[in-house]
Amino acid sequence: MLSLRLWFSSLATHSTFSCSSRRSLFLVPPQILNNTLSNSSRNLCCFCVKPIKQNGFFPVASHLQSSSSSSFPKDSPFSGLEDALVSYLFGKKRATDIAHMVWKHVVQKGDTVIDATCGNGFDALEMLNLVADGSHDGYVYALDIQKDALDKTSLLLEESLNSNEKQLVKLFNICHSKMENVVPRNASVRLVAFNLGYLPGGDKDIITRSETTLLALEAAKRILMPGGLISIVVYVGHPGGREELETVESFAARLCVENWICCKLQMLNRSTAPIPIFLYRR
């Protein structure tokens, strides 16, 4: 029997092989003892960890690692996240929780980060906690095309931060595709995060669009520093969501294997579940 940690580890290695093994499908019973599979066949959860096809290949291991080497590669943003991914698999963590956990393994104090779709402000607040330090060098650039979203973000920050911390968050009523217009050219951007879809609690007819999201991803690629991360949570349960997912996947598939690690996490038996996608620049 293979441990889940061993399975996840094998998916994160950087070697490549032909696209005959395009994805790994886990049908896993929820009763897990000592990190091994139970013999029970009931109540199965379907889960897919899918490296995104790049240049005709999928960056997955051609063989399973030994149990003595079950951690993710040190240059991967998933290093140390095996338990968190297992928690997500069994419904104990949300897609945004996983995104926040990945950020913690990438972002450093004093970094510049971008919340490209700030929504209600929870991501911006999480980012500030990661970058803020006594030097006042870390900044969060929070963007949203809806003024209502910026108002909600501003209220959350007002309730949660002191005056010095609030100065580190820059709010802009602007489309995410225009991020280069507001971020300083000499800034070393470590993280660009997207929550795609509509504003929770807002007008569901106002959504992010494939066309501008593609422009935003291209902009994020241009300004992201080596060792940086593009984090995307795609919500597919609304009209246009599936098309936007296809746009994100197509963009990721074109990124060079040697310079990027691209991965998505997807529930197979929950067709409308949000999909976290991570594009890590080596």
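Trainee: How much space lies in the second largest cavity?

Mentor: About 30 Å³. Keep in mind that this is a predicted model. The structure holds two cavities of 30 Å³ or more.

Trainee: What makes a space like that a cavity?

Mentor: A 1.4 Å probe fits there but cannot get out, so the space is called a cavity.

Trainee: Which residues line the second largest cavity?

Mentor: Thr-96, Ala-99, His-100, Trp-103, Asp-123, Phe-194, Asn-195, Ser-231 and Val-233 do. Helix α3 (95–104) and strands β6 (189–196) and β7 (224–234) each supply at least two residues of that lining. The largest share, four residues, comes from α3.

Trainee: How is the lining of the second largest cavity divided by class?

Mentor: It has four nonpolar, four polar and one charged residues. Asp counts as charged, and Asp-123 is in the lining.

Trainee: Let's turn to Thr-213. Why is Thr-213 called buried?

Mentor: Its relative accessible area is 1%. Buried means under 20%, so Thr-213 is buried. Its place is in helix α7 (residues 210–223).

Trainee: What makes the pairing of the Thr-213 and Glu-244 side chains a polar contact?

Mentor: The distance given for the two side chains is 2.5 Å. The cut-off for a pair of N or O atoms is 3.5 Å, with one able to donate a hydrogen and the other to accept it, so this pair is a polar contact.

Trainee: Which residues does Thr-213 touch, not counting those up to four places away in sequence?

Mentor: Thr-213 touches His-176, Leu-196, Thr-208, Glu-244 and Val-248. They are called contacts because heavy atoms lie within 4.5 Å.

Methods
Residues numbered from 1 in each chain as written. Predicted model: local features only at pLDDT ≥ 70, side-chain atom pairs only at ≥ 80, totals over all residues. Heavy atoms only, no water. Buried < 20%, exposed > 50% of the residue type's maximum accessible area, 1.4 Å probe, protein only. 1 Å grid on protein atoms, 1.4 Å probe; cavity = no way out; pocket = protein on both sides within 12 Å on 5 of 7 lines; lining within 4 Å. Points joined across faces, edges and corners; volume = space filled by probe spheres on them.
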